[in-house]
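Welcome to this tour! Open your viewer, switch to a cartoon view, and follow along stop by stop.

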Amino acid sequence: MIRVAFFDTKAYDKPSFERFGSGHDIHFRFLETKLNEDTVELARGCDAVCVFVNDTVNAAVIDKLYEYGVRLVALRSAGYNNVDVHAAFGKVHVVHVPAYSPYAVAEHAMALLLTSVRRIHKAYNRTREFNFSLNGLTGFDFHGKTVGVIGTGKIGRIFIDICRGFGMKVIAYDLFPAKDSGIEYVPLDELFARSDVISLHCPLTDETHHMINAAAIGQMKKGVVIVNTSRGALVDTEALLEGIKSRKVGAACLDVYEEEADIFFEDRSGHILNDELLSRLISMPNVIVTSHQAFLTEEALNNIAETTVGNILSCFEKDGICDNELCYRCGSIEQCKKDRKQKCF
Ligand code: NAI
């Protein structure tokens, strides 16, 4: 029996994991708490932990997991910026779900963008109160506008296709431009200067942390719309707020927020929000915040559960090799995935 401590469980997680786990020798211990240094004790007696984006898997947590005999961290997300993969090497294997539905995230990015630019959120509230005025609801055509896409991986590429469907001109920036893709890659400065809409689809790394800061916003067009469905800390929130207040930024569509870990995914409607920046952002008429829900479709939840159960089984059964393992054996995660012929350590 493979025992898995399943941290940060939400009601929507259980059905798919129970379905894909049934028939296998896996037992999920569903826990509502997030994994961190204070809660890692709950993983005692388990072989694996299953974590999501706001669980903390730093070096201290990894050392404790190792001490308790936990041998696997199974991320049920694509992003792994919350896991210290360097610290994990040689102690605890780390697996993730590289793709579960890039369509879910790309479509949500476009949903936020359309909602914001065509003021659907305002119209919805108005008509519910029989206010049929159109004042203040003027948007702009997407057709012919330039969208700058940062990160042209699985999600970014789908978002580009969606934008092209609207007749938008697409320019992009990526550390590793996709060959023969027909995408016009430009330097980051040029992307900032030319884009009417900027959408972020790159991972959070030391390099991309606060890539949208005061200097970047300074280079952007007046009225630029910024969409972030990737990771909150790609954006310096204070700088974004200043950009909105100075009218440089026309609108912001945010599915992620750099301090989301203790706020998102919970009903806090009866509480006073102790986060001035987020409160201020939400109070802005041209900011839309969703609480990290871009991934949340039926298809994505099923794919996440199916792949995660498969990851866990392949780590503990047969030769122990899992295609979705993350490690630094070859110096870089991408390289390692390409070269793997045997278990990473
Ligand atoms: P991917 O790995 O397919 O693509 C990422 C792209 O970013 C790659 O082309 C890579 O070369 C590029 N990149 C890496 N470093 C860069 C840099 N410094 N500057 C510019 N580009 C850089 O990843 P995928 O599946 O497209 O996901 C993108 C991000 O979306 C994830 O890292 C994750 O943070 C976020 N995400 C958000 C979700 C949500 O619910 N809001 C759900 C799933 C993913």
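Before moving on, a word about what you are viewing. This is a predicted model, in which local features need pLDDT of at least 70 and side-chain atom pairs count only at pLDDT 80 or more, while totals for chains, interfaces and linings use all residues. Residues are numbered from 1 along each chain as its sequence is written, and side-chain values use heavy atoms, with hydrogens and water left out.

**Stop 1**

Next pick aspartate 255: an N or O atom in its side chain is 3.0 Å from a nitrogen atom of the ligand. On its own the ligand has 870 Å² of accessible area, and the protein covers 87% of this (Shrake-Rupley method, 1.4 Å probe).

Now show the 23 residues around the ligand (a heavy atom within 4 Å). Tyr100, Lys154, Ile155, Asp174 and Thr229 come nearest. Colour the shell by type and you will find ten nonpolar, eight polar and five charged residues, with Gly counted among the polar ones.

**Stop 1: the six-stranded sheet**

Select the strands in the order E2-E1-E3-E4-E5-E13: they form an open sheet with mixed pairing. Strands here are DSSP runs of at least two residues, and helices of at least four; two strands pair if DSSP finds at least two bridges between them. At the edges stand E2 (26-30) and E13 (325-326), each with a single partner strand, so one side of each has no neighbour in the sheet.

Zoom in on E4 (72-75) and E5 (93-95), which run parallel and are joined by three bridges. Valine 73 has valine 94 in E5 as its bridge partner.

**Stop 2: the seven-stranded sheet**

Finish with E8-E7-E6-E9-E10-E11-E12, an open sheet with parallel pairing. Here E8 (184-185) and E12 (287-289) are the edge strands, each with a single partner, so one side of each lacks a neighbour in the sheet. Look at alanine 252, which stands opposite valine 287 in E12.

Terms used: Polar contact = N/O pair within 3.5 Å; in protein donor to acceptor, adjacent residues only side chain to side chain.
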